[in-house]
Amino acid sequence: MGATDKCERVLAALEHEETDRPPSFLLGADFSFYKQFIEKVGFGHDEFREYAKDGLVMTPPVNHALALELGFDCDWMTFPSLFHFEPGLENHALLDTWGGMFSFDVQPDGTPHQWYVGPHLTSREKVEEWWDLGRPAGYPKLLFKPSLRQQRVLLKKYDGFLMLVGLAGPFECLIFGIGFAQFARYARRDPEFLHEILERNFEVQAEGLKRIVRFKPPVVMCGDDYGYNEGLQVNVKHWREFIKPILGRYVEIVHGAGAKFVIHTCGNVGELFPDFVELGIDGVESLQPTINDLPFLKHKFGDEIALLGTVDDSGLLVNGTPAQVRAEVGKMVEVLGKGGGYVPGPTNFLLDAKVENVVAMLEAIHGTDAGRAG
Amino acid sequence: MVEQVERVENGGTSAAAGVAGLKGVAAIAYTFFWPYKIDGRLRASMKGVELTIVVDLIDFPPAAVVEIRDGDFSVVVVEDPARLPRKPDISISGKLQDLIRVMEGVGKALKVLLSRKVKIKGKRKALVLAKLFRATEFELPGGGSDG
């Protein structure tokens, strides 16, 4: 089919329809990449003026202006939860509403950096005190409106550029707050308590998702990293018992509003694909090619679930040459783009990827006709 | 006595040693202004403007002083903002939690401001700063290109 704009192209790909070419996706770009982009390429004068006027020049890692200027078809906007403060935390950390500790720092080269420090709710008592403080707390009422207003501007003014919107998934909310050790302990000795934490977290996320879908986004994408390079972060039995049912409720809310649901999940997650299909998830994003058997996933699940990401952001885009990137991405598009269901892009936030390699990646995605092959 | 813990010129590698030590409010302020500096919005909309901004959160010390000078900025950490050599143009004080509420528009942000849980001195100058955040009419610095 000949998509008339970027949004149509993305939606068609998620519907496994053939498109003029695969749509390209940018998860985000951190401070380092933004600096490199400004130094090596820079914005066009008139374009930047328009982006600024439309409120699209933002703080990394989300920056629609950057995605537009590079020529992507869609990107991601995940809403942060409320931050709290507890005096005396190490490193001047702030607490997110799930109990995860985050710290702002500045790298030696002067680049800002925000990072996860560790879990704060490391005992049952701390979790219960947290609840007594009224946490987790709901999203601020005014949080969503300005960002979702951007969605309208992007769709109307920028050739249907699509912003995938979302919130953190159930696993990240849980693990950031209580940590792996507590998860393992409660899973074995006190599963009811673990269910209760998940349920309380979900109440907040469900309310947030309901507010988001009121703005009728075409696609919702939630971030929930389940994998390490070698496999899942928790065993699949526990994932199915504790995480899957809540994830299914995310999907129900989003599908109930007529939007598509995509999950961003880093690591080697092939083991979960049958579950993703069962839940009706429309697409899986990240899918590092060095640790996932992508041709197999395409062959086995490609008719039911779309593959997003797949371009190695920490190896190929950092260490490769533009020619290597074009060749590698071209091959991927041929294999994974057959019959649609493919939205390629860097597998994670761009950090130290070379700008010229990102440009080469986009040339390979946009210049190929493999997506038409059927 | 004003104890200047670190003085940090923004961006670039020349100030690497000082920058790396920033924490807390100073790091948050630095993070906030950095993209505006890097992509030229600060220089474009703050040309000729000199502003000294103190952010003093009683539950999240030490305080930070942000200095904007003709499109550039620096961040200074101070132990006692009341004893700065000269009066700041804008002073923001209160508790971090209340400031977050104001910035995120939680509940009734106006109520928080009216109750003076978060105090902003130098509101007229703050309007100059607000220009930065709605910067649309400006010229890009030399680095801008059509590519």
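This report describes strand pairing, salt bridges and aromatic contacts in a predicted model.

Residues are numbered from 1 along each chain as its sequence is written, and chains are lettered from A and ligands numbered from 1 in the order in which they are written. Because the model is predicted, local features need pLDDT of at least 70 and side-chain atom pairs count only at pLDDT 80 or more, whereas totals for chains, interfaces and linings use all residues; side-chain values use heavy atoms, with hydrogens and water left out.

Helices (H or I, at least four residues) and strands (E, at least two) are DSSP runs, numbered from the N terminus. Strand S2 of chain A, residues 74-78, is mostly covered, with 4 of its 5 residues buried, where buried means under 20% relative accessible area, exposed over 50%, and partly exposed in between (1.4 Å probe, protein chains only). Two strands are taken to pair if DSSP finds at least two bridges between them. On that criterion S2(A) pairs in the parallel sense with strand S1 of chain A (residues 25-26) over 2 bridges, and A:Asp75 in S2(A) is the bridge partner of A:Leu26. S2(A) also pairs in the parallel sense with strand S7 of chain A (residues 162-166), over 5 bridges; here A:Cys74 stands opposite A:Leu162 in S7(A). In a regular strand the side chains alternate between the two faces of the sheet.

## Salt bridges

A salt bridge is a side-chain nitrogen of Lys or Arg within 4 Å of a carboxyl oxygen of Asp or Glu, and a search of the whole structure finds 21 of them over all chains.

| Salt bridge | N to O distance |
|---|---|
| A:Glu356 and A:Lys40 | 3.2 Å |
| A:Lys53 and A:Glu50 | 4.0 Å |
| A:Glu278 and A:Lys244 | 3.1 Å |

The salt bridge between A:Glu278 and A:Lys244 links distant parts of the chain, with A:Glu278 in helix H10 of chain A (residues 273-279) and A:Lys244 in helix H9 of chain A (residues 236-256), 34 residues apart. A:Glu278 is exposed, at a relative accessible area of 60%, whereas A:Lys244 is buried at 11%. Helix H9 of chain A is also the place of A:Gly248, which counts as buried at 11% relative accessibility; the C-alpha atoms of A:Gly248 and A:Ile281, 33 residues apart along the chain, are separated by 8.7 Å.

The salt bridge between A:Glu356 and A:Lys40 likewise joins distant parts of the chain, for A:Glu356 belongs to helix H14 of chain A (residues 355-367) and A:Lys40 to helix H2 of chain A (residues 31-40), 316 residues apart. A:Glu356 is partly exposed, with a relative accessible area of 34%, and A:Lys40 is partly exposed at 49%.

A:Lys53 and A:Glu50 are 3 residues apart in helix H3 of chain A (residues 45-53), so they are separated by about one helical turn. A:Glu50 counts as partly exposed, at 26% relative accessibility. Elsewhere, A:Arg9, A:Asp20, A:Arg21 and A:Asp73 are linked in a network of salt bridges.

## Aromatic contacts

Rings of Phe, Tyr and Trp (its six-membered ring) pair if their centres lie within 6.5 Å, and planes under 30 degrees apart count as stacked, over 60 as edge-to-face and the rest as tilted. The structure holds 28 aromatic pairs over all chains. In one of them, the ring centres of A:Phe102 and A:Phe176 are 5.8 Å apart and the planes stand at 65°, so the pair is edge-to-face. Because A:Phe102 lies in strand S5 of chain A (residues 100-106) and A:Phe176 in helix H7 of chain A (residues 170-189), the pair ties together parts that are 74 residues apart in sequence. A:Phe102 is buried, with a relative accessible area of 11%, while A:Phe176 is partly exposed at 23%.

In chain B, B:Tyr30 and B:Phe73 form a tilted aromatic pair, 5.7 Å centre to centre with 50° between the planes. B:Tyr30 lies in helix H2 of chain B (residues 24-38) and B:Phe73 in strand S4 of chain B (residues 72-78), so this pair ties together parts that are 43 residues apart in sequence. Both B:Tyr30 and B:Phe73 are buried.

One aromatic cluster in chain A has among its members A:Phe171, A:Tyr226, A:Trp239 and A:Phe301.

A charge sits over a ring if NZ of Lys or CZ of Arg is within 6 Å of the ring centre and within 35 degrees of the ring normal. A:Arg135 lies over the face of A:Trp130, at 4.6 Å from the ring centre, and the charged end of A:Arg200 sits over the ring of A:Trp131, 3.8 Å from its centre.
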